Each structure stands twice: as structure tokens, then as C-alpha cells.
Amino acid sequence: MRSLAPRYVLSKLLLQLRVVSAVARRELQLRAAKGAMGVVGVFAEPLALIVTFLALRIFLRGAGDATYMNPALWLALGFVPFFMFAEIAIKAIGGVDKNSELYFYRRLRPLDSLMGNSLLLGQIYGSLLLVFVLGSAAWEWRPVVQDPGALIFLFLGLALLGFGIGLSTLIVGRRLPLVAWFMQMFLRRILLWTSCIFFSISFIPDVFRPWILWNPIAHGVELMRAACNPAYPIPGVSAFYFWGWVVGSIGFGLLVYGNNESLLFAVDKSVSVDSGVDGD
Amino acid sequence: MIQFSRPKFARPLFRGEQGVRKLAAPLRSLVSGLLHRTTSLITSLRPDEPDSEGQAQAPGLSSRLRDRMQPVLRLPVPVLLAGVVVLGSAIYFFGVGRNRYQVQSSFIVRLPEAPATTGSTLLGTTLAGPTMLGSLEDGRFLAVYLTSPEVMKRVFLRLQPETAWARNLRDPFAGLRRGATFDEKLAFFRRQVFVIPQDLTGVINLTTVGLSPTPSYRLNSLLLQEAEVFMNRVNQNISATQQTFAETEVQRARERLDKASLAFNTFKNENREINPSQSAAGASNYITSLESKLVDLKVQEASLKRQFKDHSTPEVAYITDQVDELQRQISEERSQLVNPEGKDLNRIVAEGSKLETETLLATEALKSSITAADNSRQRTQQQVKFLVRLADPEVPQLQAMDWRWKGFLGTLGVLIVLWGIGTFALGIVDRR
């Protein structure tokens, strides 16, 4: 069967990869042109944000327990993936309208635009995390990641989770704008405090831990820390739960996208999710 | 047939692709050349069947192989290189890589009885706290100790690692090379032993890795024994040091007591007193009784003086003489009691008291040091901490697969990072 031949599938995948890369590059150039610091700002702005949070956390409350890993790396392993997740999800919710002129090209679909955005954000935040990992390794002069494969795939998993949740919210939000508004608020505010960014899951009392463990990002963040040091305690954290959320959110997102793609072509300017308007 | 080459109008995969392609052109020609030579060799070894009776000759093996490889060679060079790396990684981690066998055991360090400080409390969960923290602390010490050079010499080298963990030709990366230096052995040993204390429970997990089941199991068992010996040896060493100190203190206290007793006895001999305090008390009681008697006589004298008009009558004079004599006697006794020329009891009592106190203090010090020495002696002989095995090591039947997946996924992850960061960096560099 021609459509399932490996060569055909591979060629299509490579083509898709090129399209997504091109969208990501376009987005990078747009960001560079828009920002005050040019291309440096693309990297420096999120870095400045994360460093500010790190400094606040360290100066106000101390860096935390340095038994298992460098405190700066521990904090970065919370901040960087979370901000990447939130950015990808929020961009996915509101990013389709911005790229609507691209859909003039038949090959380009809204999904490609979302994937391009997610790829660029993954690259930016991945570079940031790499800086922190390499910086910590240079500071301590020893490898700081015991299981790099797990760390990388968990990072990608968090990016996919953000993409899946953003895609699902985008489609559902077209029909119920309140959902999009609520999700944006939820992603920025509630999840920030329940994703084990400022604290370790082992510090949470047994009574409250199950509530925190509903949050899949907390699982991802703590698993990433455990990938750096297997001795890092992660009571109740489950990789199965985390990957279940990743696969579920992507699957649900693609399912609803497949059935509602036409909604995204008919751009309704009155429903601008990015501006936080909850619809008419 | 589906053409697998990239369409001409397709944009390059990344900005620097043209440059990379130029650089990779010699590589591509080298691969093609090698392929051509290989297929030529195969063709020469197995020549095609000669056609008979003018039939068209079937395509040769080389051309068939070349045809089959064409789609692969037309792939973009970065994809080709990534494919080679992934394939190589898969071959190594799932084919060539030697089996690893993991043995895990778990234990906790407990005192013979709960510390008295824990007591009964309303907070039930805090009851286990000190014991758990103690075990955790011991676990952290053990994590350092069990991977120390001393333990390696005592345990690992006993298992003959150059044989049990020897490298072979099949997998040149696994195992310890023959003639490895001490540092290489230590580094290798540290890669085979993982001591992980659990923060919340205090349970200590000990994992050992081996290239065959038995050495891994033996290493785990020996390390468990070493851990048990270590904990008690440390405490017993501390107690032994304390015992030596306590015995020295006993000797010192005994000498002090001897000296104090001797000084006190000498003092008493010199003053011809058995007990200066008692002598002083006796003298004081004697004067008091005289004074009491004097008071009685004075009362009697006053009474007689009222009865007799003439105070020189024998009845009155007799009592008066007694009063005078008693007063003189009291005065004389008093002066003798405190006079340095007399008994000088004040000085004797003061000095005697000082010497007696010194003797008493020396006696108490001797008692305390004897008790401490006895306790230390007992502690050097008893087992202070117990290593409670929660999970005993077992000889593994199946190989551990996690390292294979970790290695393979690590390679994939590194490729993804290289691609992601590389295209991002090239996108920045080549922006227009």
C-alpha cells in the first residue's frame, strides 16, 4: 500500500519537518524584528525573566537544600520547563490568528503554525536549560545529569504537553471562549504555584501531596530533577501518569483539531483570546 | 517508483545546509566509492550467470545494490548521519553491549531501643523521626564510606575484578581493562556501586552492578557486611577511645585521693587529733557545760546572799568561791581553745576541714571515673547499632535492561538537542 510505504512516510515526515522548521524560523525573525534587543532579545528576555525569579527565590527564601544538586540548577529545572510549557500553551491558544495570512499557502495549515511556534519556544527554552546545565557542570566540574536521555525526553514531554493542552484549548475555546480565558488565567497563575517550581514534592505534607500530584507538570518537573540525581526523593511521582497526560492531551487535541480545523480558517477577529477577552 | 529525492523547489532544511552539503560532498563520494568497490568485489566473486542463446543479461548485483541504496544516499546528509548514529547506537545498546546484572538490597540502621527523648507525644508521626533521621545520617556516611578506596581494597579487589569484570572483544567499552591503575579501578568500582538513602523513610538502598550475576551478588553481600561492621566499629572505636580516657581519669583520681588522704592523716598526726572537728565540738561543749554550771551557781549564790545578811558566812563563801573558780576555768579554757600557744583549735579545724573536703572531692571523682570507665568498657563490647535488612540480595536471573534504554534514549536525546540547538543557532546566524 503506497500511503504506508516507509519511504513515502519518511519523505512526508521530512517535508513536514521542513515546513515546521520554516514556520519556526519565520517566527524567530518576527520576534527578532519586534523586540528591542533584536535576535539577542529572543534568548535574553526569557533568560532575564527566569534569572529574576531565581534571584527573588534565592534572596528572599534561600536557595533551598543543596543535598542533591546545585540549587540554581534545581530552581532552573523548575522555572525553565514551566515557562516553556505555559508559553507554548498560551501561544497555541492565541497564535493562530497572528499567522492567518500564512494560510494562503495551501500546504500550510494552522497546526503547522502551532507546531512551528512550539518548536521555536522549545528551542529557546531548551537552549536556556542547556546553559544552566552546562553552567552548573562547569561550576562543579563534574557531570550534573545522571540520565541525560530521560531529562531530554521529559523536557520534550513537557513541551508536547503544553502543545496538546494549547491545541485542545484552542479548539474548545473557539466554541466556548470562556474556556480559553479560564485556561490562560489558570496556566499563568494557578499552575505556577502547584508545579513544584519553588518547592520539592517531598516537602509537601502527606495530607496535601495527592492534591499537588494531580498536576502533571509537577510530575514532569520532579522527574527531570530525579533524572539529574536518582537519589532525589520523589514520593508519589509517576512517569506513567505524566506520559499519559502527554499522550492524552496530544491525542485529544489532534482529535478535536481534525474535526474542527475549518473553525480556525474562519478567523473571528472579535474573539481575540490573546487579549484576554472572554468572547461576546 | 517513488522518487525519494528532495524536490528542487524545496527550501533547504536549515540555513547552513548548503555549506554542510559542500562539506559533505567528499563524504558522499567516499561512501559511493566504497559501495561501488564493495559491490564490484561481490560481483567479481560471484559473477552473473552468462546469458545463453542471446537472452538479455540480467542486471548485475552491483547495479541492483546501487539501485536499492540510491534512496538512502539521496537522503539529506544530516538525516543520513543521524540515521547512522541512531543505528549504531541501537546496534551497540541492544546487540553488542554486554549484559549487566543488578542486585539490590535495602536496609535500615536502628538503635537497640528507642531514644528516651522521643517519649510519648501527641504527634504520632514524630515518634519515628529521630530513628529515621539517624538511619538517614548513617546512610549518608555509608554512601561515602562504601565507595571509599579502603572498601574497594578490602571488598572489590577481593573479588578479582580483572577477571569478574574483565573486558572482552565483543564489547570493548564494558568492564575493567587488564592492568588498570588503582585510580581506574576506583573509578570503575564507584560506577558499580550505588548507595541511595531515602529521605522520607530512612531506608538505604544498595545497588551493585556486574557483568555476570554472581560477582554482582557477592559484591552486594560483602558491602552489606562491610556496612554493618563499619557502623559498629565506628561506635566501638569511639567507646574505646573514651575508655582509655576514662581509665586515665581513674588513675588520676586515685592519685589525687591518695595524696589528699595522706595530707589529711599527716595533719591529724602532727596535731595529735583523730578528728579536729570533733575535738573542737567537744571543747565547745565542755565550755558550754561549764557556763551552764556557772549560771546555776550564780543563781544559787544570789539566793544565799538574800538569805544571809553576812556574805562571809561559810555557806555563801563556799558558793562564791565555786563561782570564781568556774569563771577562771572558763576563761582559761577559752583562751587555750583559740590561742596559738594552746590548743589552737580554730586553725586546726579550718585546715582539717579543707583537707577533709579535698579528700571527699577526690573520693567522688574516683567514683565517677570508675563508673564512666565501666560504661565505656561495656560499650566497646556491645553492638550499638543494628543493620536491619529489609530486602536481602538475591542472585539475579535476568539482565538489567534499564542501562540499554537509558543509553539509547540518551543518544536520541543528544541528537535531538544537537538538531534543535543547531537549527536555532543557524537560524539566528543566517537571519535576514
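This is a predicted model: local features need pLDDT of at least 70, side-chain atom pairs count only at pLDDT 80 or more; totals for chains, interfaces and linings use all residues.

Is A:Trp141 buried or exposed? It has 7 C-beta neighbours inside 10 Å, so it counts as exposed. The cut-off for exposed is 12 or fewer.

B:Gln160 counts as exposed because it has 11 C-beta neighbours inside 10 Å.

Helix 4 of chain A runs over residues 110-140. Its 31 residues should span 45 Å at 1.5 Å a residue, and its end C-alpha atoms are 45 Å apart, which agrees. Most of this helix is covered, with 22 of the 31 residues buried.

Helix 5 of chain A covers residues 148-175. From first C-alpha to last, its 28 residues reach 41 Å, close to the 40 Å expected at 1.5 Å a residue. How many residues of helix 5 of chain A are buried? The count is 25 of 28, so the helix is largely enclosed by the rest of the structure.

**Helices that pack**

Two packed helices are described by the angle between their axes and the distance between the axes. The table gives both values for two pairs.

| Helix pair | Axes come within | Crossing angle |
|---|---|---|
| Helix 5 and helix 8 (residues 216-228) of chain A | 9 Å | roughly 165° |
| Helix 5 and helix 7 (residues 182-192) of chain B | 10 Å | roughly 85° |

Take the chain A pair. Angles over 145 degrees count as roughly antiparallel. Helix 5 and helix 8 of chain A are therefore roughly antiparallel to each other. The crossing is left-handed. On helix 5 of chain A, the residues making the contact include A:Leu151, A:Leu154 and A:Leu158. On helix 8 of chain A, they include A:Ile217, A:Leu223 and A:Met224. This contact has 12 nonpolar residues, two polar ones and no charged ones.

Now the chain B pair. How does helix 5 of chain B lie to helix 7 of chain B, roughly parallel or roughly perpendicular? The crossing at roughly 85° makes the two roughly perpendicular. B:Pro149, B:Met152 and B:Phe156 of helix 5 meet B:Lys185, B:Leu186 and B:Phe189 of helix 7. Five residues of this contact are nonpolar, none is polar and one is charged.

**Chain B and its partner**

Of its 432 residues, 18% are buried. Consider the contacts in chain B with a separation of 6 or more: 76% of them join residues 24 or more positions apart.

Chain B also touches chain A. Here 27 residues of chain B are in contact with 29 residues of chain A. Which helix gives the largest share of the chain B side? That is helix 12 (residues 402-429) of chain B, with 14 residues. By class, the chain B side has 17 nonpolar, six polar and four charged residues.

Terms used
Residues are numbered from 1 along each chain as its sequence is written. Chains are lettered from A and ligands numbered from 1 in the order in which they are written. Two residues are in contact if their C-beta atoms, placed from the backbone, lie within 7 Å. Helices (H or I, at least four residues) and strands (E, at least two) are DSSP runs, numbered from the N terminus. Ala, Val, Leu, Ile, Met, Phe, Trp, Tyr, Cys and Pro count as nonpolar, Asp, Glu, Lys and Arg as charged, and the others, Gly among them, as polar. The expected span of a helix is 1.5 Å times one less than its number of residues. A residue is buried if 20 or more other C-beta atoms lie within 10 Å of its own, exposed if 12 or fewer, and partly exposed in between; C-beta atoms are placed from the backbone. Axes are lines fitted to C-alpha atoms, for helices over the stretch in contact, and angles run from 0 to 180 degrees between N-to-C directions. Angles under 35 degrees count as roughly parallel, over 145 as roughly antiparallel, 65 to 115 as roughly perpendicular and the rest as oblique. A crossing is left-handed if the near helix is turned anticlockwise from the far one by less than a right angle, and right-handed if clockwise.
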